[in-house]
Amino acid sequence: MVARVCLLAAVLSTVACSGGRSDEVTTTTTAEVAPTTTTTEAPLEAGQQIFVYVPQVGDCFDRRKIERSASTSGRTDIVLKLDCSLPHRNEVYAVLDYPASDDTFPGEKTLETFAKQECPRRFEAYVGKQYELSDLEIGYQLPDSANWRRGTQKIGCYVYDLSGNRLVGSVQGSAR
């Protein structure tokens, strides 16, 4: 009896190893996919081209230079507002109102100093991590004097990846 069991085991293992059985059990393992970054920029058609940009919390955007029309030469700067699921450079996490006593443009340096003081204070509430411990950097969208006079007086605090990679998805609550 023992000899028959051993013989049967030997035959089955020979058949299994030779590929003669169709119900072979195979095991595969998959490695976890590492997060990717992208250097591909979204095409202009994927977003909204804005020449006078008023930042809003949650906006994802790139700054681009585009060719002017044939009648005017050169290039002009625009903001390309994108869906956050597309590769983008920047995401607005706070919008500040400069405490002005009148409509006089306070100057770029004054607005920048104000933004440098106030934007880091609002970072953690949006991103979920202290700015000093984050791998993200802070930038500022400041109005120029012409836009200030037109009523565009909002300062946008935005984040971007310091290494130059584009963000994909929102950083809100990401604890990055």
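Two strands are said to pair if DSSP finds at least two bridges between them. In this structure, Tyr140 has Cys157 of strand S6 as its bridge partner. The model is predicted, and for this reason local features need pLDDT of at least 70 and side-chain atom pairs count only at pLDDT 80 or more, while totals for chains, interfaces and linings use all residues. Residues are numbered from 1 along each chain as its sequence is written, and side-chain values use heavy atoms, with hydrogens and water left out.

**Overall organisation**

- The protein chain contains three helices and six strands; helices (H or I, at least four residues) and strands (E, at least two) are DSSP runs, numbered from the N terminus.
- Read from the N terminus on, the elements follow the order α-β-β-β-β-α-β-α-β.
- The protein chain has 176 residues, and buried residues make up 30% of them. Buried means under 20% relative accessible area, exposed means over 50%, and partly exposed lies in between (1.4 Å probe, protein chains only).
- Of the contacts in the protein chain between residues at least 6 apart in sequence, 66% join residues at least 24 apart. A contact means heavy atoms within 4.5 Å.

- Strand S6 covers residues 154-161 and runs antiparallel to S5, to which six bridges join it.
- Within this pairing, Gly139 has Tyr158 of S6 as its bridge partner.
- Six bridges also join S4 to S6, and these two strands run antiparallel. Here the partner of Glu91 in S6 is Val159.
- Strand S5 (residues 136-141) has five of its six residues buried, so S5 is largely enclosed by the rest of the structure.
- In S6, six of the eight residues are buried, so S6 too is largely enclosed by the rest of the structure.

**Disulfides**

- A disulfide is a covalent bond between the sulfur atoms of two cysteines. Here the term is applied to a pair of cysteine sulfur atoms within 2.5 Å.
- A search of the whole structure finds two disulfides.
- The link of Cys60 and Cys84 is right-handed, with 90° about the S-S bond.
- Cys60 lies in strand S2 (residues 60-67), and Cys84 lies in the loop between strand S3 (75-82) and strand S4 (90-97), so the pair ties together parts that are 24 residues apart in sequence.
- Cys60 and Cys84 are both buried.
- A disulfide also joins Cys119 to Cys157, with an S to S distance of 1.9 Å. The torsion about the S-S bond of Cys119 and Cys157 is about -70°, so this disulfide is left-handed.
- Cys119 belongs to helix H2 (residues 108-127) and Cys157 to strand S6; the pair links distant parts of the chain, 38 residues apart.
- Cys119 counts as buried because its relative accessibility is 0%. Cys157 counts as buried because its relative accessibility is 0%.
- When the bonded cysteines of the protein chain are numbered in sequence order, the pairing is 1-2, 3-4.

**The largest pocket**

- The largest pocket has a volume of about 310 Å³. Grid points are joined across faces, edges and corners, and a volume is the space filled by probe spheres set on the points.
- The lining of the largest pocket consists of 17 residues, of which Phe51, Tyr53, Val79, Gln141 and Asn147 lie nearest its centre.
- S2 and S3 are the elements that give two or more residues to this lining. S3 gives the most, with three residues.
- The lining divides into nine nonpolar, three polar and five charged residues. Ala, Val, Leu, Ile, Met, Phe, Trp, Tyr, Cys and Pro count as nonpolar, Asp, Glu, Lys and Arg as charged, and the others, Gly among them, as polar.

**Ala175**

- Ala175 is placed in the segment after S6, and counts as partly exposed because its relative accessibility is 40%.
- Although Ala175 is not a glycine, it has a positive phi of about 55°.
- Ala175 touches Val127, Gly128 and Lys129, not counting residues up to four places away in sequence.
- Ala175 and Asp135 are 40 residues apart in sequence, and their C-alpha atoms are 9.5 Å apart in space.

Technical notes. On a 1 Å grid over the protein atoms alone, a cavity is a set of points where a 1.4 Å probe fits but cannot get out, and a pocket is an open set with protein on both sides within 12 Å along at least five of seven lines; lining residues have an atom within 4 Å of a point.
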